[in-house]
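Here is a short briefing for a first look at this structure. Keep the sequence and the model side by side as you read.

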Amino acid sequence: MELMGQQQTGRMNGALLLEARHITHLYQARGGEARGSRPPVVLEDVSLQIHAGELVALLGPSGSGKSTLLRILAGLIRPTQGEVLVHGQRLLGPTPSCAMVFQNFALFPWLTVLQNVELGLQALGLPRLQRLKRALAVIDMIGLDGFEEAYPKELSGGMRQRVGFARALAVEPELLLLDEPFSALDVLTAANLRRELLRLWTEGQIPTRAMLLVTHNIDEAVSMADRLLILGADPGHIRAEVRGLPREQRQPHQPAYAHLVELLYRLMTSPDEDGSALLEAREPALLRRGKPRSARPYQLLPHVAPADIIGLLELVQAKGGRAELSELGRALQLELDELLPLVDAADLLQLARPEEGKLVLTAVGQQLAEADVQEEKRLFRQQALARVALLRRIAEDLATAPDGRVEEERYLERLREHFSEEEAEAQLQTIVEWGRYAEIFTYLEEEGVFVREAEEEQGKSAAAGSQTTSS
Ligand code: ADP
Ligand code: MG
């Protein structure tokens, strides 16, 4: 088996290893049926193929179902619809030919490094001695020599993730499924581990024949991937498929590198655009496939703090009112999953808009970036009331409530019709945060009640709202 794996690594590149066909997945919403709403769809009609010899990156916003998809491909969960084929055989459960590395390492704290690594081998039914030999060899290869008897808590994050890799590699999987394996590590540790993994892979030191890497980090994807799948959200679907760069061009100073980074930022920051149309218009050579997304049925607020949105606007303003998204991500040290919601929020509030991989401030956005604190709040309130339906609704209800109070439950009920319980609460949380900042209401946490702001504040905001209508 080992021999065959090694032999094929070099010789049978291009062979189809794994295929997902029309995967749709729904998590059962707690109590959702009781209220007659449908359980939220996490993935919708996702099909993909992984071939021997390739490293495929999977990029997508938070919550687009990347981890769910990986778990399905690993046989850890059964999709609601569709099937996964490994070598043409329908996957019915976990298989040693696919191993997974998790973002949070997922080690057993009460087991030593060696025991954690050996654990994965038990399923293979190897004799004890052989198991030990194999585990020790992998531990050595992955740079954990001397740490065999250590417990996870005694190790740094980087070393823990090495254990995660060792455990996955010990079973000599054909396909390695990597769920943001570097994102919990500091920048240098991540770079080291990434480089070592690439070396093991390109030098053929591991029998792994293909990798699927989930990441939020565009540079990571561009520097590693032969092919990139871009996932869209609500529900998760493949928006576009992009060819990676030839290996020799995977260096930040290469023009093609910068070009691809920008293209990906552009794709990721225009979730409502048809991914393949966008690619076709600009980069016909890169296009492989994609699918337009359906319009969002209900306004979904990105979960970001007003102060962070304003911080972003100020940075763009400092760069002359327009800036490359890739540059902003690096300047703010934000990965895509942190930057995208901020861009979304700024766009939603019409304070800035993404344009060809750049973020451009609107007139109001510029005003806001230069304003003092009171003026910031006023402009934020004006935009929030104009653009966020639920905030406007709450403000209107408060204006007409005789005692100036309304219960949050009224809005939660509506939100639950469109989102999972968890997301409904998260949406309300964001509404609370934005509304408080904008001084649209105060919120009594314990009672779950919105209370109208003092009358003079309301007067101010109404007057302010009618003054500035240019945006
Ligand atoms: P990603 O990895 O892209 O951030 P996930 O696959 O973790 O996305 O989650 C996709 C969606 O499915 C999210 O809305 C998340 O809340 C939901 N979800 C994930 N796991 C479960 C679960 N075990 N039960 C219910 N919902 C879940
Ligand atoms: Mg995830």
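**Helix α3 and its cover**

In helix α3 (residues 113-122), the buried residues are V113, L114, N116, V117, E118 and L121. Part of the cover over these buried residues comes from α4 (128-141) and α5 (157-170). Keep in mind that this is a predicted model.

**The protein overall**

- The protein has 471 residues, and 52% of them count as buried.
- Its secondary structure consists of 18 helices and 17 strands.
- The accessible surface amounts to about 21,700 Å². Carbon and sulfur atoms account for 50% of that surface.
- Take the contacts between residues at least 6 apart in sequence: 69% of them join residues at least 24 apart.

**The largest nonpolar core**

- In soluble globular proteins, nonpolar side chains tend to be buried together.
- Here the largest nonpolar core has 111 residues. L228, I309, W434 and F450 have the most contacts inside this core.
- Which residues does F450 touch, leaving out those up to four places away in sequence? They are I394, L398, G404, R405, V406, E408, Y411, L428, V432, F441, T442 and Y443.
- A separate core has 31 residues, including L58, L175, L177 and L229.

- I394 sits in helix α15 (residues 389-400).
- Is I394 buried or exposed? I394 counts as buried because its relative accessibility is 0%, and the cut-off for buried is under 20%.
- Beyond its neighbours within four places in sequence, I394 is in contact with Y411, I431, F441 and F450.
- F441 is 47 residues from I394 in sequence. In space, their C-alpha atoms are 8.7 Å apart.

- L175 belongs to strand β7 (residues 175-179).
- L175 has a relative accessibility of 2%, so it counts as buried.
- Setting aside residues up to four places away in sequence, L175 touches L18, I50, S97, C98, A99, A210, M211 and L212.
- P207 lies 32 residues from L175 along the chain. The C-alpha atoms of L175 and P207 are separated by 9.2 Å.

**Around ligand 1**

- The side chain of Y27 has an N or O atom 3.4 Å from a nitrogen atom of ligand 1.
- S64 places a backbone N or O atom 3.2 Å from an oxygen atom of ligand 1.
- At G65, a polar backbone atom is 3.0 Å from an oxygen atom of ligand 1.
- How much of ligand 1 does the protein bury? Ligand 1 exposes 570 Å² when taken alone, and the protein buries 60% of that.

**Backbone points to check**

- Most residues other than glycine have a negative phi, and most peptide bonds are trans.
- Where does P235 sit? P235 is in the loop between β9 (227-232) and β10 (237-243). The peptide bond from D234 to P235 is cis, with omega near -15 degrees.
- H87 is a residue other than glycine with a positive phi, near 50 degrees. H87 is in the loop between β4 (81-86) and β5 (89-90). Its relative accessibility is 43%, so H87 counts as partly exposed.
- Q333 is not a glycine either, and its phi is positive, about 55 degrees. The loop between α11 (325-331) and α12 (336-348) holds Q333. With a relative accessibility of 66%, Q333 counts as exposed, because the cut-off for exposed is over 50%.

Methods:
Residues are numbered from 1 along each chain as its sequence is written. Chains are lettered from A and ligands numbered from 1 in the order in which they are written. This is a predicted model: local features need pLDDT of at least 70, side-chain atom pairs count only at pLDDT 80 or more; totals for chains, interfaces and linings use all residues. Side-chain values use heavy atoms; hydrogens and water are left out. A polar contact is a pair of N or O atoms within 3.5 Å; within protein, one must be able to donate a hydrogen and the other to accept it, and residues adjacent in sequence count only if both atoms are side-chain atoms. Accessible areas come from the Shrake-Rupley method with a 1.4 Å probe; for residues, only the protein chains shown count as cover. Helices (H or I, at least four residues) and strands (E, at least two) are DSSP runs, numbered from the N terminus. Buried means under 20% relative accessible area, exposed over 50%, partly exposed in between (1.4 Å probe, protein chains only). Contact means heavy atoms within 4.5 Å. A nonpolar core is a set of buried Ala, Val, Leu, Ile, Met, Phe, Trp, Tyr and Cys residues joined through side-chain atoms within 4.5 Å.
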